[in-house]
Amino acid sequence: MPQALKSKRFTSLLQDRRARVSEQTQANRTDSYGAARSEKLKVSGIEHFPVKEPVSGRRYSVVKVLTEDGFVGFGEGGPATSREFAAAGELLIGLPATASEVARKRLAEIPSLKAAVNTALLDIVGRFSKAPIYQVLGGPTRFKARGMTPLIGESNESLIEALNVARNAGFRAFMVPLPTVAARNQGRAFVLAARKRLEQLREAGGEESDFVLDGAGVLSPGDASSLASEFERFHLLWFDEPCQLTNLSPIRKIAAETVTPIGFGRFVSNAGVFQDLLREQLIDILRPSLAGNGISEIRKMAALSETYYVAVAPHHDGGPIGTAAALHLAASLPNFFVQQIPRPAAEADRRMRAELAGVAAERVEDGYAILPTGPGLGISVNEEALKKYRDSGV
Amino acid sequence: MKRRQFITTLAGAGVAGQLKLHPALGAEPAGDSGVSLPSPLGARAFRSVGSKVKITNMKVFGVSLTPDSDRPYVFVKLETNAGVVGWGEGTLEGKAGAVIECVNDFRDFIVGSDPMQVEHHWQSMYVHSFYRAGPVIGSAISGIDQAMWDIRGKLLDLPVYELLGGPVDPRGVRGYYHANARSREDLIRLRETAHEQGITCFKSGIPGYYEWIETHSKIKQAVEGMELLREGLGPDIDIGVDFHAKTSPTVASILVKEVEPLNLLFIEEPCPPENVKAMARIAARSTTPIATGERLVAAYSCRELVAMGVVDILQTDINHVGGITALWKVGAMAEASGISMAPHACEGPIGGLATVHVDAAMPNFLVQEICSGVQPAMKEKVWEEWLGFPAMRMVDGRFPLPEKPGLGFELSEESLKKYPFGGTRPMARVFHRDGSVAEW
């Protein structure tokens, strides 16, 4: 039999078998939570706070979940519509806050709220247990979590200024944007411009500053490959989203050619995509989006990548409640490497973050974020501030 | 110190009380705690985020239900300064003495450490064992890991499956017994009992021992045995058949193809576990789902099976794979590839109950084994005598979920004394007609 036919038969047999077995798994049986056995921690209501940073315009949503027995939990995710939010509320009322796997299944069709709800439920469980979320998850594997912040600026000069400000705020790792991408396959001048940018930043930051180059998924595979090879001896922490993750063949080429570590994941919302990248050794650091996946989902992705000796550094471009969730996640993961923590340039935006969750929530010292130690998320969320910064566009 | 002093009452734990930290879970006070305990390497770094709870003693018990048992239970008990104790199981068939010694080898890792940090200790026991873990180290880690989860649940006041985000199905965990019946009449009787009790699944084995290549009569006998199972148990009961790695890939391939029309739930271990490509060769030849994994240790050992997409069902055993921590990770990894979980359980009641907790939290959970028949025997009576409830007995085809915090049972050391350790005994040793070694 020709090889192609053989593998086709194998694939279809496999799918057939998998389908037969998976029909019987727990997730595919009818949800039997109609009359939940547990009387404690039943979700009684949900509130939604879409918020927006006044200067940067960064938008995210905060969810507040209440239980019949008087517990409250907060969680943050990406922007969501009020319709999505109302639908999520209907799906969750009556469910015990502990049953986050059931919430995950029920919210499968509303991905924008999965993360926020997951954090809020874990916040409730932590408050019930009078323990930080990382204690619920499996205890701290580290006592502080390395932080990394994206530098914002167009010119090299503005980035150096941002670097100095971020260094003073305690960061030692920075994500750097590419020089403006004018066209596909831009050749040597572009590569040299990127190199010059990073060299100037290293000179300004000193030897103990480290860098992630943010490809943001905009480069052609050719340009990505050239850059990856150019930076091999510069020792980036990693090259993030060097090209679009549309299929694996260009990534195979980049990963095979370069020793520069490669990160992917901010656009990924399915562990299966990471499975493909890991299986073929195409990824050095998992970058799942915090806003799109949430703590429990990322813990599963991390369990997968641990067996490939690959670390996790969740992508985070939201607010301080998200940062707090990320730090609990970081504390719980054996294969955590660094947490991205946004640090807006404008004072007004930073004030908003401090008002939402307190200044301590995003404090970084000598390169490391301090772990929260209170119950649940370990921060106190200021509802007045949530209202004050309401995103009127939602 | 009494547990009561650590656990504040939950009454009125509403808005006003909920931001208070559990008194035992707060960071350590700066001064000396007054208790003289060893400080394990690396523990001091966690003063700012760890808990005040410390493991004060670790005990390991070999428990033989019969003096010549090949699988004396290996139970681990961790005692803490919070008045809470935790139990775990690391029973390894045929190697009880080795696991007991291995648990003791981990004493320096455990006594004086914070039981809340189960993931951290798991990593340390696994990574700092340097050679990584085979079944002996894996089983020792399993026992300690389960005991820590038991303590964690008790301190956090939740059953372990709720700490893990479950239960996915609050009615309990679907299970199967072994079909200890060979004749058509016995199988029909078993089917009737199953229908009465709500049991939906059974597992059976294939008879005899198999050589590298098999004769027509031997293959026919195995196929007819499986056909008889389907005929006797009827069309609506799920059937797993355990090849127990007795067959070579060559022989297994023939069998898995022959029995396609029987629509078995799975065939288990169609060949030994060391060679994933050999397993893949068998799996590629049949629509019958393939299950394996009971002998694998840590999620690492399942990686290739999952990556190659070879199997449909993973069966890692909570007493060998590395406890709750590792079984949960295997489940998470399998989930990403659409693989289901049907954990193996053929040891004692602690591991059995621990695995039910993990099952309850896995969306890709399929069915849970217990090496028991529909009628409880001596073993099940002893378990009930120890734990005060019929552990690992199904109700309506499901293992009920424990409701108490932690693993959800109490066990006294005293009750184990009736079954002293009878020493290590080998598992079955079987030989072919020509005297050569056979797989059992």
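Predicted model: local features only at pLDDT ≥ 70, side-chain atom pairs only at ≥ 80, totals over all residues.
Student: How far apart do the C-alpha centres of domain 1 of chain B and domain 2 of chain B lie?

Tutor: Chain B is divided into domain 1, which covers 3-12 + 21-157, and domain 2, which covers 167-404. Taking the C-alpha centres of domain 1 of chain B and domain 2 of chain B, the distance between them is 30 Å.

Student: Which element gives the most to the side of domain 1 of chain B that touches domain 2 of chain B?

Tutor: In this contact, 24 residues of domain 1 of chain B meet 18 residues of domain 2 of chain B. On the side of domain 1 of chain B that touches domain 2 of chain B, the elements giving two or more residues are β2 (73-80), β3 (85-89), α4 (118-127) and α5 (135-156) of chain B. By class, that side has twelve nonpolar, eight polar and four charged residues. With eight residues, the element that gives the most to this side is α5(B).

Student: In chain A, which element supplies the largest share of the side of domain 1 that touches domain 2?

Tutor: Chain A is divided into domain 1 (43-130) and domain 2 (137-377), and the contact takes 27 residues from domain 1 of chain A and 23 residues from domain 2 of chain A. At least two residues of the side of domain 1 of chain A that touches domain 2 of chain A come from each of β2 (59-67), β3 (72-77), α3 (100-106) and α4 (111-129) of chain A. The largest share of that side, ten residues, comes from α4(A).

Student: Is strand β4 of chain B mostly covered or mostly uncovered?

Tutor: Strand β4 of chain B runs over residues 173-178. Five of its six residues are buried, and the strand is accordingly described as mostly covered.

Student: In which sense do β4(B) and strand β12 of chain B pair?

Tutor: Strand β12 of chain B comprises residues 398-399, and B:Arg174 stands opposite B:Arg398 in β12(B). Over two bridges, the sense in which β4(B) and β12(B) pair is antiparallel.

Student: What is the handedness of the crossover from β4(B) to β5(B)?

Tutor: Two bridges join β4(B) to strand β5 (residues 201-205) of chain B, and these strands run parallel, with B:His178 standing opposite B:Lys203 in β5(B). Between β4(B) and β5(B) the chain passes through helix α7 (residues 184-197) of chain B, and this β-α-β crossover is right-handed.

Key. Residues numbered from 1 in each chain as written. Chains lettered and ligands numbered in written order. Domains from an automatic or database assignment. Contact = placed C-beta atoms within 7 Å. Helix = DSSP H or I, 4+ residues; strand = E, 2+ residues; numbered from the N terminus. Nonpolar A, V, L, I, M, F, W, Y, C, P; charged D, E, K, R; others polar. Buried ≥ 20, exposed ≤ 12 C-beta atoms within 10 Å, placed from the backbone. Pairing = 2+ DSSP bridges. Right-handed = clockwise from strand over helix to strand, strands pointing away.
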